[in-house]
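Here is a short briefing to read alongside the structure. Have the sequence and the 3D view open, and we can walk through the ring contacts and the backbone together.

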Amino acid sequence: MTTYITPQDELHVEYQGIALTCPHCQTLTHLTAVGVPRFEELRRRKPKHVGIVFRCDACGEPVFLKFLAKSYTPTRVELSSNYTEIEHARETFPLTYLPEEAEDLFKEALNCYTAGCFNAFGAMCRRTAQSLFRELGERGKLELFDSLQEIRTLAELDDDTFAALRAVLFGSDSDPWPHQPDLNSERAGILLEVMRDLLYQTFVRKARLLQAMTFRRYVAPQTETGSA
Ligand SMILES: [Zn+2]
């Protein structure tokens, strides 16, 4: 894919254009360039990176992307097809269902993920898990491990990925160095979905079921015994 800026200060993007999850409206959407740096200015200064302001086609809010400048020629400023998102879409979870300490820790974990700090995200997931083990006791810990095994089967995780997830969540800080595996964006993405599923199963599902049952009991028509 060739991405470049023309001498007329227009951004040229081949194929489908640029699509991503908007950090404002969380929609997977196309972007329209609204602020492209001037060609002459770029040619003169030759910066290593070029920043472009786009408009989200769904909500109209601005999205800023940074591109690596590949080459400067008299007819085009060629940009790398990869870009850096300056603002990421926020990752969310119904945090209020979690125990208080785990809620704070996992909230920070989500912020790390949103910021693209994947090892920090892993470290905060481990702290969240440790807090839950303390909260739920040894039996709770075993149940969480069973849930992780179940996710492994359902999501068809390969052995390496599963081993990494297990080491992050169930490893001990006294394990030999490095006691936590490094996480790249792909592993972190999988860990995020696993955490969501684990926490959902353990806390959210139960709480919502109980709420729904209470509601049903409350709205159920009162029938007197013996009457039809
Ligand atoms: Zn948007």
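F93 and F106 are both buried in this predicted model. Their ring centres lie 5.7 Å apart with the planes at 90°, so the two form an edge-to-face pair. F93 belongs to the loop between β7 and α2 (100–114) while F106 is in helix α2, so the contact ties together parts 13 residues apart in sequence.

**Aromatic pairs**

- Across the whole structure, a search turns up seven aromatic pairs.
- One of them joins F67 and Y83, which are tilted at 55° between the planes, with 5.7 Å from centre to centre.
- This pair links distant parts of the chain, as F67 sits in strand β6 (residues 62–72) and Y83 in strand β7 (residues 77–85), 16 residues apart.
- How buried or exposed are the two partners? F67 counts as buried because its relative accessibility is 1%, whereas Y83, at 27%, counts as partly exposed.
- F67 and Y83 also belong to a cluster with F54, linked through ring pairs.

**Charges over rings**

- Have a look at Y4 as well: the charged end of R76 sits over its ring, 3.6 Å from the centre.

**Backbone points to check**

- Which kind of peptide bond leads from W177 to P178? That bond is cis, with omega near -5°.
- P178 can be found in the loop between α4 (159–170) and α5 (185–219).
- Q26 has a positive phi near 60°, although Q26 is a residue other than glycine.
- Look for Q26 in the loop that runs between β3 (19–21) and β4 (28–35); with a relative accessibility of 39%, Q26 counts as partly exposed.
- E156 is not a glycine, yet its phi is positive too, at about 50°.
- The position of E156 is in the loop between α3 (118–154) and α4.
- Is E156 buried or exposed? E156 counts as exposed, because its relative accessibility of 70% is over the 50% cut-off.

Technical notes. Residues numbered from 1 in each chain as written. Predicted model: local features only at pLDDT ≥ 70, side-chain atom pairs only at ≥ 80, totals over all residues. Heavy atoms only, no water. Helix = DSSP H or I, 4+ residues; strand = E, 2+ residues; numbered from the N terminus. Buried < 20%, exposed > 50% of the residue type's maximum accessible area, 1.4 Å probe, protein only. Phe/Tyr/Trp six-rings, centres within 6.5 Å; stacked < 30°, edge-to-face > 60°. Lys NZ or Arg CZ within 6 Å of the ring centre and 35° of its normal.
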